[in-house]
Amino acid sequence: MAEDLRPVGDPGSEDFRVDAYPFYLLNRAVSRYNVVIEAELRAIGIDIPSWRVLMILGETSPLPIGQVSKTAVINLSTMMRIVERMTKAGLITTSENANDGRITDLSLTDAGREKLVAARQVTAPIYKRLIKGFSGPDFSRLLQLLNRLYDNLS
């Protein structure tokens, strides 16, 4: 049976250990991941925020800018600058939402779709390396646990 590390992961505990604090471990993993993919993405002419936008719009396009911002975990003012840069690069277009003129929708252009294909090609090997050694059930459980952590913050 595994040791219960919850008490030492509590930052209020006298016995606190950073290696048992889930948010330290999550941040460490995300930081390393970003360092690894950033070099690959820069080689094809995009940055991590643009890649997030491309991936999100690759699933569903058009989408309201607010929804893209929330899904990408990027605040709206920063997202506006990213959209401006991506629009100038010809990767996305903006348009008025058909149901509400106050909302701006984002859509992929043909160039954006091509850049998305290139981004997927350079990030796929990293993903495969990342999940190496995880069984299907392990990976599903990891996703469930991460979603539970997120939901507990609501």
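Buried here means under 20% relative accessible area, exposed means over 50%, and partly exposed falls in between, computed with a 1.4 Å probe on protein chains only. At 61% relative accessibility, then, Glu-96 counts as exposed. The model is a predicted one, in which local features need pLDDT of at least 70 and side-chain atom pairs count only at pLDDT 80 or more, while totals for chains, interfaces and linings use all residues. Residues are numbered from 1 along each chain as its sequence is written, and side-chain values use heavy atoms, with hydrogens and water left out.

Glu-96 sits in strand S2 (residues 92–96); strands (E, at least two residues) and helices (H or I, at least four) are DSSP runs, numbered from the N terminus. Setting aside neighbours within four places in sequence, Glu-96 is in contact (heavy atoms within 4.5 Å) with Gly-101, Ile-103 and Asp-105. Val-68 lies 28 residues from Glu-96 along the chain, with 15 Å between their C-alpha atoms.

Helix H2 covers residues 48–59, and its twelve residues should span 16 Å at 1.5 Å a residue; the end C-alpha atoms are 17 Å apart, which agrees. The expected span is 1.5 Å times one less than the number of residues. Buried residues in H2 are Ile-48, Ser-50, Trp-51, Val-53, Leu-54, Ile-56 and Leu-57.

Most residues other than glycine have a negative phi, and most peptide bonds are trans. Ser-61 and Pro-62, however, are joined by a cis peptide bond, with omega about 5°; Pro-62 belongs to the loop between H2 and strand S1 (63–64). Val-73, in the loop between helix H3 (65–72) and helix H4 (76–88), has a positive phi near 55°.
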